[in-house]
Amino acid sequence: MMKALIVEQEMHVLRTHDLTALLEILLAVYPEFEELREHLARLTDYSIGYRYPGMDADAEMADEAYADASTIYAIFRSVFERL
């Protein structure tokens with residue numbers, strides 16, 4: 001959804017999985033997204049760190065990731081509904 005908003009604004013899309021890097025691009029147009037920084041940073045850590053053997057997540061971490069994703073989704077959905 002982040003990359004879709006970047007394209008919608010005709011901005012340069014980075015080839016990255018770093019959600020905070022994508023956030024930096026979007027803040028120029030959507031300063032309200034700043035409140036998502038912590039959520040995006042945690043999800044970035046999960047998407048990169050837990051992709052490879054050696055790192056394990058527990059149920060509490062999964063619940064936190066789900067809560068982060070739900071918060072992010074709700075805010076982005078409200079933006080898409082206004083487009």
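The protein chain contains four helices and zero strands, helices being DSSP runs of H or I with at least four residues and strands runs of E with at least two, numbered from the N terminus. The model is a predicted one, in which local features need pLDDT of at least 70 and side-chain atom pairs count only at pLDDT 80 or more, whereas totals for chains, interfaces and linings use all residues. Residues are numbered from 1 along each chain as its sequence is written, and side-chain values use heavy atoms, with hydrogens and water left out.

Read from the N terminus, the order of elements is α-α-α-α, and the C-alpha atoms occupy a box of roughly 40 × 25 × 15 Å along the principal axes. Among contacts (heavy atoms within 4.5 Å) between residues at least 6 apart in sequence, 48% join residues at least 24 apart. The accessible surface, computed by the Shrake-Rupley method with a 1.4 Å probe, comes to about 5,600 Å², and 55% of this area belongs to carbon and sulfur atoms. Of the 83 residues, 28% count as buried, a class defined by under 20% relative accessible area, with exposed meaning over 50% and partly exposed the range in between (1.4 Å probe, protein chains only).

In soluble globular proteins, nonpolar side chains tend to be buried together. The largest nonpolar core of the present model has 19 residues, and those with the most contacts inside it are M2, L5, L26, F33, L36 and F76; such a core is a set of buried Ala, Val, Leu, Ile, Met, Phe, Trp, Tyr and Cys residues joined through side-chain atoms within 4.5 Å. At least two residues of this core come from each of α1, α2 (19-26), α3 (37-49) and α4 (59-82), with α4 giving the most, namely five residues. When neighbours within four places in sequence are left aside, L26 is in contact with M2, L5, I6, F33 and F76.

M1 lies in the segment before α1 (2-8) and counts as partly exposed because its relative accessibility is 43%.

E10, placed in the loop between α1 and α2, has a positive phi of about 60° although it is not a glycine. Most residues other than glycine have a negative phi. E10 counts as exposed, since its relative accessibility is 75%.
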